[in-house]
Every structure is written in C-alpha cells, then in structure tokens.
Amino acid sequence: MLVNKKIVLGITGGIAAYKAAELTRVLVKAGAQVRVIMTKSAMEFITPLTMQTLSQGPVYTDMFAPAGEFDMAHISLADFADAFLIAPATGNIIGKLASGIADDLLTTTLMAQNKPTLVCPAMNDKMLANPVVQDNIKKLRQYGYEVMESAVGELACKTSGAGRLPDIPVIIDALESLLTPKDYEGEEVLVTAGPTQEPLDPVRYITNLSSGKMGYALATAARHRGASVTLISGPCAMPAPPGVKIINVRTALEMHEAVMKNFTKATVIVKAAAVADYRPESVSEEKIKKSKGLAGIRLVPNPDIIAEIGAKKTRGILVGFAMETQELLANARLKLARKKMDMIVANSLREEGAGFGTDTNIVTIIDSNGKEIRLDKMTKSQVAHRILDHVKTLKKKKGPAKRK
C-alpha cells in the first residue's frame, strides 16, 4: 500500500532519531516517495546528509532557507504529502501541536496540512507519563491525529518502561492502515493460514511447505480495510499481525474445531491454510526408533474443512485456494463447484514467484459466476487486496448478508 505514496517524515530531537534512518530506508524500499523535515534538535542526533542519502531526496531543516524543489516549503510539502509521519515525536513537538504553536518548519507545515498524520511518541517513561503530555496526546487524538502507543522496554536513560519508539514494522503497519480506505468496516473476516502438523511420535510429524505468508497478508489487508479479523493459524514463524485476533493451532483436527466454532459469525471466510489431507491413525507415545522403522504407518483422512463450511454456511462469502502442479484451472473449477465455494484462488507450484514461501504470488481468481481474473506476479499483500476487491464485488451481487 506504500507504492508511490508520498510521505513527509518529520524527525524531532530525541535519541530515537537515529532509528529514522532505518525507517526511511524501509519506506523507500516499500516504494514510497519520502521527503524529510528535521528540527534543529534532530540534527544533533543524526545528520541531514544521512537522511538525504537514504530518502533519495532533499531534506528540509530551515523555514527561512531557499525551498529547493518547492516555492514555499511549508505549503508545498503540505500539498505534496499523502500522509505525514512524525517519528520520533518528542514531548516538545506533541505539546506544540496540541497548543497550535508553529515556530519552525515542521510545526508550520503540520499546521498547514489536513492529511492523515501518524505520531510516534518516544521519550523517557516519566516524561510520557506526565499528565501534561498525556493530556496533549489526548488532544491530538481528538484533533484527528493517529497517535501510536509507545513500545515498552529498555530506554536510553538505562531505565525500563513505556517510551520506546514503536518497532519499525509496527510503524509501517500503522501507516499502511492509515492510508487504506475502510471499505470493510462492519465485516467479520475469518482467515486460516499456514500448514498443519500431524504427529507421528513426540519427535516427528507430517507437514507441508506452507509459510502462512498469503494468509497473514489477507488478515492484515482485511484489518487495514476496517474489518474485524480472526486469524486461525497453523505453526508459522511470522509474528501475529497487529490488531488481529489470532487462534494458534497445530493439527488439522484442532483447525477444524477452531473454524467450526468461529465461522458462523463471519461475513467473509478465506481458507488460505494448507491443511494436511491425512494424519497418522495412531500416534506413538514414545519416539519410534530407527531400528524399528516407519514402515506400515496407517493414514486416515482429515476433515475437509472448507467442504463442511460450504455445506453448512447460510450467509457470507466463502473463498478457498487451489495449489496444483498440473491442470491448474480445471482442478480449481472442480474444487470450486464440489465444495460450494463462492470463489477460489488458483496458483501453480510450477511458476517461479508463486507458491510456498515466496513474498510474491501469481494467481487466477475464479468465482462461482464463471468469471476468471488472471493476475500478474505481485506481492502477496497486493494479491490479498485484489482478492478482497473481488469479494466486495461478489457481496454486492449477492446483496446484504442475512444475519442469524
């Protein structure tokens, strides 16, 4: 969601200013155009040259200096931006904004703009807890600023508590959410993700290569768009997406139980998990010794979760996935009809940049009306939004969901 977005990053004079360098690098890598405004205090911690190099653009520091690419920097930067990001935001800048003080380039620019603004407080824990600072934060939220909660941990002053700059991935997530239209407000979205693990003994299990990235991208995209999201996840290495209710499971039977408990209230169900089709009939209580071998292990089928939902659901949109190595579209169409889905997302393990473990995907969306949409290779986040776009189209055709 940050591709081609114009972000004005305001850096103020706290020790966390050094983290603005990495934040800028991540923003640029994500495709954003970044312009930096630094206060005089910020320049005591990090140089404009560093920020110019990383942002690949001019850095603005003085309200009265020639504006460079803009005629009037504080007005033109306000017009330029899709969003403002203040990181770190000291108690000083928070107080100025809450009081309407505009005495330098950053505060003047912020007073001249009406764009989405994300404020990332970072300061000593006692400063943050000061009632004046807390009142000022409350004022900013009332004025429409998005103010993040500070992270908790070790501070530069050798104490520990609230006041750390939020981690960069958390800031990026909040910025993407701020820039995303909330067209899923009121929706209850249930997403499954990742593999399942079917144990043979206390040491070994049967699984697959799913990383969960596609499901996590879908859960994040739905939350950014305003939905209430429940993510039922098999074992994944990724952290839980912020703002999402996550239910961690291991086996197909555990996933089946969690889905059956939660799917009836969902208005959109997206089954992106790679659930094992079979499990061992019995699990050894002790490690199976190599000398005894694993021959003769009997497998039994796991529940077909999506087919069961398709047979039982009375409302909402059901989306499934089909990953194949041959006859992709034909197999996907059969699965769509047989399991009574509204839509299926088909991708092939044979295409480079698609499938398990990658950050990109190449998919074809097929719906129950016969429409097929082939997407070019794009990030899994972009694929997630395209899937949600088509779900919206299907919901409009079906009309409002009937709630029980």
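Visitor: What makes E9 and strand E14 count as paired, and in which sense do they pair?

Guide: In this predicted model, E9 and strand E14 (residues 268–271) are joined by four bridges in the parallel sense.

Visitor: Why is strand E9 described as mostly covered?

Guide: Strand E9 spans residues 188–193, and five of its six residues are buried, a word kept for residues with under 20% relative accessible area.

Visitor: Which strands make up the sheet that holds E9, and in what order do they lie?

Guide: The sheet is an open one of eight strands, in the order E13-E12-E9-E14-E17-E18-E20-E21, and its pairing is mixed.

Visitor: Why are strand E13 and strand E21 said to stand at the edges?

Guide: Strand E13 (245–248) and strand E21 (372–374) each have a single partner strand, so that one side of each is left without a neighbour in the sheet. Neighbouring strands of this sheet are turned by 15 degrees against each other on average, when direction is ignored.

Visitor: What joins E14 to strand E17, and which residue is the bridge partner of Ile 269?

Guide: Four bridges join E14 to strand E17 (residues 317–324), and the two run parallel; the bridge partner of Ile 269 in E17 is Leu 318.

Visitor: Which strands does helix H12 touch where it packs on the sheet?

Guide: Helix H12 (residues 328–338) touches E17, strand E18 (343–348), strand E20 (364–367) and E21, and its direction makes about 155 degrees with that of E18.

Visitor: Why is Ala 337 called exposed?

Guide: Ala 337, which has its place in helix H12, has a relative accessible area of 58%, and because exposed means over 50%, Ala 337 falls in that class. The C-alpha atoms of Ala 337 and Asp 82, which are 255 residues apart along the chain, are separated by 43 Å.

Visitor: And why is Asp 173 called buried?

Guide: The relative accessible area of Asp 173 is 10%, and since buried means under 20%, Asp 173 is placed among the buried residues. Asp 173 is found in helix H8 (residues 168–179), and, leaving aside residues up to four places away in sequence, it touches Thr 220, Arg 223, His 224 and Pro 242.

Visitor: What makes Ile 15, Tyr 18 and Phe 45 a patch on the surface?

Guide: A patch is made of residues with over 30% relative accessible area and no salt bridge, and nonpolar side chains are joined within 5 Å. Ile 15, Tyr 18 and Phe 45 form such a nonpolar patch, with about 320 Å² of accessible area together. Ile 15 is found in the loop between strand E1 (6–11) and helix H1 (19–29).

Visitor: How many helices and strands does the protein have, and what share of its residues is buried?

Guide: There are 13 helices and 22 strands in the protein, and buried residues make up 51% of its 404 residues. The C-alpha trace spans about 80 × 55 × 45 Å along its principal axes.

Technical notes:
Residues numbered from 1 in each chain as written. Predicted model: local features only at pLDDT ≥ 70, side-chain atom pairs only at ≥ 80, totals over all residues. Heavy atoms only, no water. Patch = residues over 30% accessible without salt bridge, like charges linked within 9 Å, V, L, I, M, F, W, Y side chains within 5 Å. Areas by Shrake-Rupley, 256 points an atom, 1.4 Å probe, with all protein chains shown as cover. Salt bridge = Lys/Arg side-chain N within 4 Å of Asp/Glu carboxyl O. Buried < 20%, exposed > 50% of the residue type's maximum accessible area, 1.4 Å probe, protein only. Pairing = 2+ DSSP bridges. Contact = heavy atoms within 4.5 Å. Axes fitted to C-alpha atoms, helices over the stretch in contact; angles between N-to-C directions.
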